[in-house]
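Visitor: I am new to this structure. Please give me a close look at one part of it.

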Amino acid sequence: MESALTLNHFLLVSGILFAIGLAGVLLRRNLIVIFMCLELMLSAANLTLVAFSRFRLEDGQPTYDGHVLLFFIITVAAAEVAVGLAIIVALFRSRETTDVTKVNTMKY
Amino acid sequence: MTFLFYIFAALALFGGMGVVICRNPVSSAFSMVVSFLGLAALFIQLNAYLVGILQILVYAGAIMVLFLFIIMLLDVPKEEKRSFPILGGLGAFAIAGAFALLLVSVLGKSDIGSATIPPIEAASGPGNTDVHRIGELLFSQYWFPVQIVGILLLVATVGVVVLSKKELK
């Protein structure tokens, strides 16, 4: 039990979480849930960034460039959610649905 | 330390599974909060205190409240029956499986992943917290991306206001 934590532990958790998010995006039909799964994938990528930043020391301190990149990712994700949810509300107003299989006018 | 890692990793992963499995969007949203709390704990375990707190404040706080608000506003019904599209389902499992296979093979071949957490030297002086370091980087080396992100937020705000108007003229 008392084996030390390695980089592999964090990378594996991050990869599995990313795969779960990807499966959700492909499987679910509700637009809002698809959006949540996208956020899950972004967070999984964040975990990788923080782990690499922690495991690479410079002068005995972690390299903080990964954290800065993560800061930008969080900001862009927040902007993306705001715009995406506004689009979903506009879609719901004209179609009365959030089901992706029912929004297929452009498909044929 | 290792024990806590497994608890919080399980929290994050089962929360993520809940998002995909739950039929009711509100349950998905709350599973998402659980998943983000577990992730934040993992961040804090990696000595990324600022990022962990940001994860809770921005994701589990602001973004999930926005999601719940939209779910409430639209009154989204839960999916009637669990009829996953067959082709899409097969594709999803194939892609997720291929990704897992790739991950295992890459992590198995490289020895970078077997590194253990190196100890951090004790902080000396007042300006040695991670908040201080990140702030210094943001406003010196990364000043230009910060400006761009500011413009992006402005564009997003204006765009949301335009999209939310009843009719465009």
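Visitor: Do H2(A) and H3(A) run roughly parallel or roughly antiparallel to each other?

Guide: They are roughly antiparallel. That label is for angles over 145 degrees, while under 35 is roughly parallel, 65 to 115 roughly perpendicular and the rest oblique. This is a predicted model: local features need pLDDT of at least 70, side-chain atom pairs count only at pLDDT 80 or more, and totals for chains, interfaces and linings use all residues. Residues are numbered from 1 along each chain as its sequence is written, while chains are lettered from A and ligands numbered from 1 in the order in which they are written.

Start with the chain that holds this pair. Chain A has three helices and two strands. Both kinds are DSSP runs numbered from the N terminus: helices are H or I with at least four residues, strands E with at least two. Along the sequence, the pattern is α-α-β-β-α.

Now the pair. Two packed helices are described by the angle between their axes and the distance between the axes. The axes of H2(A) and H3(A) come within 10 Å. They cross at roughly 175°. Axes here are lines fitted to C-alpha atoms, for helices over the stretch in contact, and angles run from 0 to 180 degrees between N-to-C directions.

Which residues make the contact? On the H2(A) side they include Ile32(A), Phe35(A), Leu42(A) and Leu49(A). On the H3(A) side, Leu70(A), Ile73(A), Ala77(A) and Val81(A) are among them. Contact means C-beta atoms, placed from the backbone, within 7 Å. The residues of this contact divide into 13 nonpolar, five polar and one charged. Nonpolar covers Ala, Val, Leu, Ile, Met, Phe, Trp, Tyr, Cys and Pro; charged covers Asp, Glu, Lys and Arg; the others, Gly among them, are polar.

Val81(A) counts as buried because it has 23 C-beta neighbours inside 10 Å. The cut-offs are 20 or more other C-beta atoms within 10 Å for buried, 12 or fewer for exposed, and in between for partly exposed, with C-beta atoms placed from the backbone. Val81(A) touches Phe35(A), and it also touches Ile63(B) and Leu66(B), leaving aside residues up to four places away in sequence. Phe35(A) is 46 residues away from Val81(A) in sequence, yet their C-alpha atoms are 7.7 Å apart.

Glu96(A) has 9 C-beta neighbours inside 10 Å, so it counts as exposed.

Finally, step back to chain A as a whole. Its radius of gyration is 18 Å, whereas a compact globule of 108 residues would have one near 13 Å. That radius is taken over C-alpha atoms, and the globule rule is 2.2 Å times the number of residues to the power 0.38. The C-alpha atoms fill a box of roughly 55 × 30 × 25 Å along the principal axes. Buried residues make up 45% of the chain's 108 residues.

Notes
Two residues are in contact if their C-beta atoms, placed from the backbone, lie within 7 Å.
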